[in-house]
Amino acid sequence: MSADTTDTESPVVYHPGSAEYDEHRAGFQLREQHQPAHVVAARAAGDVVAAVRHAAEASMPIAVQATGHGLANPLAGEGVLVSTRRMDSVDVDPGAGTARVGAGARWRDVIEAAARYDLAPLSGSMPGVGAVSYMLGGGIGLMARRYGFAADHVTRLELVTVDGSLLTVSEHKEPDLFWALRGGGGSFGIVTALEMALVPVARLVGGGLMFDLGETPEVVSTWLRWTATMPSQMTSAMTTLEISKRHMAHVQIAYLGSAAEADELVAPLRALKPAYDGLQEIPYRRSDTVFSEPDQPHAYVGDNVLLRAIDEERLRDAIAASAPGRPDRSIISVRHLGGALSTPPRVPNAVSHREAMYLLCVVGVVAPTTKSNAARARALQDELLARWSGTAVGSSPNFTFGRPDQRTAAEPFDAERRDRLLQLARKYDPAGLLHPSFVIA
């Protein structure tokens, strides 16, 4: 069902050569940037409608960007880029336990607004990421094993389709789109806002334990065995990376329970005497300290596989292949899944591969302007992920960083969901004008 728009002002449009044009096309990913013919700095849904109608009438490609963390399909010298960064409103209804989130809102905006009422969103590890694009990809966050995918908690969306219609999408209105948008990405239109259910969480026990792999190599096997015994209140990951020329394993922990319970559960890891122990009870406002990821723009490539089980020897080989000393930095991250992630929501959605118990992601940090550097990083990434090709059940759209035609990891959707998503994409974008970050293939 179409919704009326009352926006009467013309959209703000910027062209190449202006500072505003460069500002709005810039994003967190520095390896590539959109190079559109026009940038529309949208302030409201009406601006998006006007931009899409104009582009569609001229058969111009259309892309949307809020923060640019997942940029993978940039416009190259043509088309319209709709910048939603100004559409960053967050309205919390504490009685209903929901938040209406604008297309440009970052997780930090939602976290802060919800925290005033001792509520929290199912946000990811980096608070600077755009909330809407994250949820369109499924969303595996800090409380995922307790509450499931972030997409499972979306209750309503507002969508501008390529024909310029502004639709309200929910369980009862446009149910096919409601299924597709929750986990199926942005191939069906531009989401201008969505409503999500919040959870009653004000605090958690979170932080990281840091181990020197040269001194404590057994942390890999210990963490893997440890995850098999954890309750759903415990969500954790292990990331291996270079810090000050040392190869380190960073075990990231988010536990929904008391500090005393967390201490008891984490005791087997602490018995290995970490070089750093940052685990403590924190307000959810400080949940960024769990992963402590860099929040400054940089260039990177990455891909992932979803696995039912992890072969320890194969993981050790992958970690060794990414050790310091190589010409390019490579980061390996393994996230423990299962728990509520394995349970489909009451209203089905497009999220696939819920049987996976681990997500293995390889990210290469590259120089923004050096193609050979990016090619080497991609080659190492492909080499490491290829070792899991026979056992992978799929991959996650949220952890794919790079052009769609360069992906070699497993499919993000099972065959039935992929076919249904392709049919819907052709229905709502028959001319293929949309340039979503994640392309259904």
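The largest nonpolar core has 76 residues. Such a core is a set of buried Ala, Val, Leu, Ile, Met, Phe, Trp, Tyr and Cys residues joined through side-chain atoms within 4.5 Å; buried means under 20% relative accessible area, exposed over 50% and partly exposed in between, with a 1.4 Å probe and protein chains only. Trp 107, Met 143, Leu 157, Leu 181, Phe 188 and Met 196 have the most contacts inside this core. A second, separate core of 39 residues includes Trp 223, Leu 279, Tyr 358 and Leu 385.

The model is predicted: local features need pLDDT of at least 70, side-chain atom pairs count only at pLDDT 80 or more, and totals for chains, interfaces and linings use all residues. Residues are numbered from 1 along each chain as its sequence is written, and side-chain values use heavy atoms, without hydrogens and water.

Helix H8 covers residues 259–270. Helices (H or I, at least four residues) and strands (E, at least two) are DSSP runs, numbered from the N terminus. The buried residues of H8 are Ala 262, Val 266 and Leu 269. Seen down the helix axis, they fall within an arc of 5°, so they line one face; the arc is that of the directions from the axis to the C-beta atoms. The face turned away from the buried side carries the exposed residues Ala 260 and Glu 264.

Strand S10 (203–212) is among the elements that cover the buried residues of H8. In S10, 9 of 10 residues are buried. S10 and S12 pair in the antiparallel sense over 8 bridges; pairing requires at least two DSSP bridges. Val 205 stands opposite Tyr 255 in S12.

Definitions and conventions: The expected span of a helix is 1.5 Å times one less than its number of residues. Contact means heavy atoms within 4.5 Å.
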